[in-house]
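Hello,

Here is the structure I promised to pass on to you.

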Amino acid sequence: MSATILACKTISDELILALQATGCTHPVCWVDSNLHRKPGKLKEEIQSIISRISNVETIILAFGLCGNALVGLRSDTARLVAPKTEDCISLLLGSQKRRAELTRESASYYLTKGWLESENSIADEYDDCLKRFGRRKGRRLMLTIFKEYRCLSFVETGAGDSIPYIAKSERVARDLGLVHQVIEGSSRLLEKLLVGPWNDEFIVVHPGCFIELEHFLTAASEVAELRQ
Amino acid sequence: MKRTQASHLPDLVANLQEKSVLREVRRRLGRGEDPLQLVRECQEGVHLVGERYEQKIYYISGLIMAGEIMQRVGSMVFPLLEQQVSGNKSGTILIGTVQGDIHHIGKGIVTALLRCYGFTVVDIGVNVPPHQFRSKAEEIQPDIVGLSCLINSSYPAARATVELLRSEAENIGCRPPLIIGGLVDQRICDYVGADAWTTDSITGVRLCQKFVADKHAGSG
């Protein structure tokens with residue numbers, strides 16, 4: 001099978017580790033993680049890259065749904081494969097199901113090494129906020145952001161040296177009065193994305209077909225349960 | 001006094017200069033200027049803050065600060081608006097973030113703006129299950145219900161809420177228009193079954209004004 005991987009730069013360490021673990025040799029095209037601020041732009045960028053690829057059977061999208069950036073994507077020549085996850089955190093936790101279970105336990109804001117390295121990092125936001133508004137107002141604004149969260153959880157994926165990043169997230173948690181925890185990540189779903197089998201944890205669309213919102217959403221019966 | 005660019009109200013809001021904004025609003029209200037015009041200018045500033053967030057000049061804290069500035073402007077302006085606008089012309093809006101979602105910042109910004117325009121906003125918080133929307137709607141008989149849903153895993157809950165409010169309309173005693181806000185578009189609006197959608201607070205205010213105006217036109 002000929003394939004190319006399109007991946008978010010935020011998960012570069014984890015993806016490289018998964019490529020090594022699986023022996024997968026598909027080439028990787030990295031997409032700037034800063035496009036997350038404007039999901040429409042992220043979708044445009046991914047589609048632009050997809051449209052330029054014509055010589056593979058499969059394009060593997062190493063992204064979560066990420067602000068619906070995957071909805072509406074299409075390749076004329078290749079099938080598209082994507083994990084059925086809300087975002088990359090669910091991907092790095094090993095499954096959307098595990099994410100849902102952890103969320104039910106407590107409302108947590110998740111961080112990874114990749115996120116803390118990006119320009120969108122909450123640690124950078126925290127420092128900017130204190131600098132821009134002063135300590136008292138800055139802290140109050142940050143507490144507003146985290147009003148509904150109880151925990152700040154660092155997802156330890158084993159990719160790269162995470163110690164300085166755990167220290168950074170501990171600092172933010174301590175300053176904001178949040179419980180800090182380190183949660184073990186899992187490469188299970190990421191490795192499965194690379195080499196299959198692509199079961200119901202994945203979306204697979206044929207050449208010429210679009211990735212649809214409904215591919216990610218709950219079946220009608222589960223909707224009815226929510227109404228009870 | 002020669003007006004410099006720095007005293008231009010939208011720019012003051014866009015620069016998140018809270019004290020200067022309030023001083024300028026106070027000054028112009030004192031001169032008898034139209035409070036709604038001041039709100040519109042501040043809205044323009046909030047829009048600029050949104051642009052600067054997308055340009056990575058501001059972080060999320062900038063958006064929150066803009067919302068807080070609007071809240072404070074609203075507190076100054078609303079008593080004057082009450083004299084201009086009678087309660088039933090603005091309307092009551094029930095708003096909440098749907099079950100499974102705890103985001104609240106956008107909801108807070110649109111709530112602040114709606115109150116500036118004289119709406120009564122009842123905010124029932126985050127992670128709100130469908131039955132709580134239903135029981136609150138029955139209690140307060142809102143003119144509009146706003147559902148905030150920022151994450152895609154919350155769309156089924158938004159749909160369940162819409163279905164419950166529709167199917168129970170007779171028992172609730174009202175069938176208000178339902179607006180979804182957040183990371184949404186027409187496709188998601190169709191899935192959820194809402195009447196309208198918005199991704200920004202200013203459009204949200206205009207939608208609410210239109211729905212209330214339509215309601216009064218229909219009953220007039």
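**A cavity in chain B, and what else turned up**

Ala137(B), Val145(B), Leu165(B), Arg166(B), Ile172(B), Cys174(B), Arg175(B), Pro176(B) and Leu178(B) line the largest cavity. Its volume is about 40 Å³, and the structure holds one cavity of 30 Å³ or more. On a 1 Å grid over the protein atoms alone, a cavity is a set of points where a 1.4 Å probe fits but cannot get out, while a pocket is an open set with protein on both sides within 12 Å along at least five of seven lines; lining residues have an atom within 4 Å of a point. Grid points are joined across faces, edges and corners, and a volume is the space filled by probe spheres set on the points. The lining of this cavity divides into seven nonpolar, no polar and two charged residues. Here Ala, Val, Leu, Ile, Met, Phe, Trp, Tyr, Cys and Pro count as nonpolar, Asp, Glu, Lys and Arg as charged, and the others, Gly among them, as polar.

Before you go on, please note that this is a predicted model, in which local features need pLDDT of at least 70 and side-chain atom pairs count only at pLDDT 80 or more, while totals for chains, interfaces and linings use all residues. Residues are numbered from 1 along each chain as its sequence is written, chains are lettered from A and ligands numbered from 1 in the order in which they are written, and side-chain values use heavy atoms, with hydrogens and water left out.

Now for the place where the chains meet. Chain A and chain B each bring 35 residues to the contact (heavy atoms within 4.5 Å). The area buried between them is about 3,400 Å², with 59% of it given by carbon and sulfur atoms; buried area is the accessible area (1.4 Å probe) that two parts lose on being put together, summed over both.

How many salt bridges are there between chain A and chain B? The count is three, where a salt bridge is a side-chain nitrogen of Lys or Arg within 4 Å of a carboxyl oxygen of Asp or Glu. Glu68(B) forms a salt bridge with Arg140(A), and their closest N and O atoms are 2.7 Å apart. On the side of chain A that touches chain B, the elements giving two or more residues are helix 6 (122-133), helix 7 (135-145) and helix 10 (220-226) of chain A. Helix 6 of chain A gives the most, with six residues. Helices (H or I, at least four residues) and strands (E, at least two) are DSSP runs, numbered from the N terminus.

Arg171(A) and Asp127(A) meet through their side chains (3.3 Å, N to O). This pair links distant parts of the chain, with Arg171(A) in helix 8 (residues 163-176) and Asp127(A) in helix 6, 44 residues apart.

Most residues other than glycine have a negative phi, and most peptide bonds are trans. Cys66(A), however, has a positive phi of about 45°, and lies in the loop between strand 3 (58-62) and strand 4 (79-83) of chain A. The peptide bond from Gly196(A) to Pro197(A) is cis, with omega near 0°. Pro197(A) is in the loop between helix 9 (188-195) and strand 8 (202-205) of chain A.

Happy exploring!
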